[in-house]
Amino acid sequence: MPVTLGTDAPARNESAPMQPGRRQLLMGGAVAACAIVSIRPALAQSAASVLHCQVPVPDPARSGNMVAPDGSVVAPGTQGAFAGAGRPFTGEEVKAALRNGKSLPGTSYDQNRAYLNYIRRLQSGTSGFTCYASLQMPR
Amino acid sequence: MKHSVTLTIGPATFRIGSAWGQPVAQLRALYAGYPAPPGAIADFTVRLDPAGPLRRWWRPSARIAGDYMLPDAAPMALHHGLLAAEMGMNLQMALGWRRHVLIHASSVEKDGRALVMTGESGSGKSTLAAMLGERGWRFMGDEFALLDPTSGAIFPFPRLVSLKNVAIGVMQDFVGHAARFGPLMQATPKGDIRHLIPPADAIARMQEGAPPALLLFPRFGHARAIRPVGQGEAFMRLTQASTNYVACGERGFTALHRFVSNVPGIALDFESGAQAIDMIDDLWADLP
Amino acid sequence: MLLRPLDDLVLLYHRSSGQTHMVASPVPEILAELGDKALHLEELRSALEQNYDLGEPEAARAELSQHLGDLCALGLVRTT
Amino acid sequence: MSARLLVEVLRSPERISGLSDHEWNALISAARAERLTATLAHRIGDRQVPAKIAPILNDAKAEAEREKMQALWEADRAQVALAPLGIPVVLMKGTAYVAAGLSAGQGRFIGDLDILVPRDRLDEAEAALLAAGWEWVKPDPYDDAYYRLWMHELPPLIHRERDRMIDVHHTILPLTARPTPDAEAMLADSVELPGGLRVLSPDDRICHAVAHMFADGDLAGGLRNLWDIKCLLGEMPDRTALTQRARHHGLATHLERAIRLADHFYGKGGAITMTDHLFRARLLFRDAWGRDSAKRLGQAFYIRSHLLRMPPMMLARHLWTKWRRGYRPV
């Protein structure tokens, strides 16, 4: 199958530096694996960082359910799972717990681990996600 | 709404409404020296709404709302209302401003050229800008640097400087005038906060941009060190520090490319403000 | 799409998706070679061969094919 | 009431002459809250506006243009993912309007990509989208089972690289709702655009917009939906076939209400019925600060939206399950 550029062919003269003569192309293993890095929208991160935000555990739509040690949300009464947190955690509390190993306030050792696993699994669209994403800003 | 005020900061005008009088009175006092808005028309509306039906009176707390909102925003106690209003203005800029590429960075200007400092909170960028602003530089902003896609210049957004925790004491010693400080707000979600009114020239020249000459990535609390940052890394970090890079589309791409191509990037580790100021003076003197 | 060189890599702005990618060699060279043409893998390899030393053909084909796969997934290149 | 001002300006843009600064603020806040800022900007066009307003309107137009590009790109990605299966991508709502170049697409805010897929190909489509990088937004057993059993669409998917959502519909309304529009007929009569994407036929576009606004949901964002309908009707001078089609889909009364309200709000300001007045009040709930000034009416429409979707016993069971998990209308 032949390949072609998308609808949007590169503007030729402003393209990559083309050197005269035969040049060794950077081909091979590790380089090949990371020759393209896409920039992802950082809107959520920086926007939330100017605010004070919070992460409910679990999501309000699932409050009443429990959090299993691996962070998944399970039905009330599940063996080995923990009831949800009484109040949402603040971004600062989550950051201290994720970065410095400080327990989330009012949690036991295992409960803390389960909650953090839940927070790590948060996805866009779930309550608390923008807040969590804001804590992930690279340094 | 019951209480309201209109403020112009740099290129943007805000209409701030509040269910309570106190935050609005504090804003009026602290922004008294800013040029009056050209009229009542605002770029953005910010609201401090009661967080629930009873929250106007009973344990009053405000929800930050307005033209642009974030779902995860936590309500704030009324006695932190001034901070809530400031956050509300920042949020409108972060989510709604399109006339510049917005970089989460502080900036200062000297000799007609701008120094831009970016890093996450705690990096010291805000305090450094405030200090430099008292030491012969023009303070341009502690939160957002506005990169103009047309000219490539950095434009100021000199809102009140938001000092946190130890920086409060440091700047009180540095500035002297108690009259330039707002009320001390203790135990806010961001720690202790006290606002500082920027120097008079920063406010008088808040419409005036400057071409960027140096991009710093400061990091407080590390042994003195300086490392050049490659253009690729600088570009990546600026996109992550920008709230509207994607929304600016091709203009944003071209502007940031021009910025990292023309401006040297340097990571700067430091242990004290005085040390950082010396290091910055040296770097500035060595610029072509 | 717009390609802009930096000191250590090449920036790519893709107008139809609004996405920015940072690409390293040999991706910019592949894109430049494709231009507005449609090429089979082997045609692409031999075209690149004119200007660059690609090493052993079999390995070069495997590697080019991997890059093309990545480019297709991002919508920068499509199969026709 | 700034919502009313917004409606008046959309109907007759000359209304802007002589607006006070406060009225402008109210107008912009309402337009932002209703996601109609760029539509407003296009309606105002080249008319003279205050110096502070012109850049706000220009920003909104540029933003809409970028959103249009992004929406079309998402449609392209879905097409690439589904093409190998031979499943056509039938666009709906905002993306369809911009892809087909309709006036309803001008300046329209576009959130998610909505596509319609034949019900018997749903599993294949889902698998292909998952393979192409879309992921479930909310992995919740109850919601998931609920969606699959009763809803007219898959639970929302989000693309892991691009952070954009796709809603895959297989029918027009929840399977429990009383009108049951004929999705198969809509698919069969869909129209191909150059490039291979498809959109609903002109009649069905209106029927879908009407079903979406009046037979589903609580009318949040209703001013925008009604603007869509107004624009779509404007491109349909002869409505005989449309009326027929609406009857076929069980949407005849909803269509009549839509036509009356669109004309009342955005057209010649024609008369409306007693019940229409409730809809009118619900649609005009924003005050001069963009706030909800009619919360109780909003709650009533929230309950109505559930009644529309479910028979009462099932609704009771659903609300009980939701209630136990602390999910309440606010």
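How much area is buried between chain D and chain B, and what percentage do carbon and sulfur atoms give? The area is about 1900 Å², and carbon and sulfur atoms give 50% of it. Buried area is the accessible area (1.4 Å probe) that two parts lose on being put together, summed over both.

## Basis of the model

This is a predicted model: local features need pLDDT of at least 70, side-chain atom pairs count only at pLDDT 80 or more, and totals for chains, interfaces and linings use all residues. Residues are numbered from 1 along each chain as its sequence is written, chains are lettered from A and ligands numbered from 1 in the order in which they are written, and side-chain values use heavy atoms, with hydrogens and water left out.

## The interface of chains D and B

On the chain D side, D:Arg32, D:Lys52 and D:Trp289 lose the most area to chain B, together 40% of what that side buries. In all, 19 residues of chain D are in contact with 25 residues of chain B. Contact means heavy atoms within 4.5 Å.

Four salt bridges are counted between the two chains. A salt bridge is a side-chain nitrogen of Lys or Arg within 4 Å of a carboxyl oxygen of Asp or Glu. B:Asp43 and D:Lys52 form a salt bridge through their side chains, at 2.9 Å, N to O.

Helix H2 (21-33) and helix H4 (53-82) of chain D each give two or more residues to the side that touches chain B. H2(D) gives the largest share, seven residues. Helices (H or I, at least four residues) and strands (E, at least two) are DSSP runs, numbered from the N terminus. By class, this side of chain D has eight nonpolar, four polar and seven charged residues. Ala, Val, Leu, Ile, Met, Phe, Trp, Tyr, Cys and Pro count as nonpolar, Asp, Glu, Lys and Arg as charged, and the others, Gly among them, as polar.

## Helix packing

In chain D, the axes of helix H1 (residues 2-11) and helix H12 (residues 252-266) come within 8 Å and cross at roughly 90 degrees. H1(D) and H12(D) are therefore roughly perpendicular (65 to 115 degrees; under 35 is roughly parallel, over 145 roughly antiparallel, the rest oblique). D:Val7, D:Leu10 and D:Arg11 of H1(D) meet D:His264, D:Phe265 and D:Tyr266 of H12(D). Axes are lines fitted to C-alpha atoms, for helices over the stretch in contact, and angles run from 0 to 180 degrees between N-to-C directions.

In chain B, helix H1 (residues 21-30) packs on helix H2 (residues 81-96) at about 70 degrees, with axes 8 Å apart. The contact includes B:Leu27 of H1(B) and B:Met89 of H2(B). Its residues divide into six nonpolar, two polar and one charged.

## Backbone exceptions

Most residues other than glycine have a negative phi, and most peptide bonds are trans. A:Val57 and A:Pro58 are joined by a cis peptide bond, with omega about -10 degrees. A:Pro58 lies in the loop between strand E4 (54-55) and strand E5 (66-67) of chain A.
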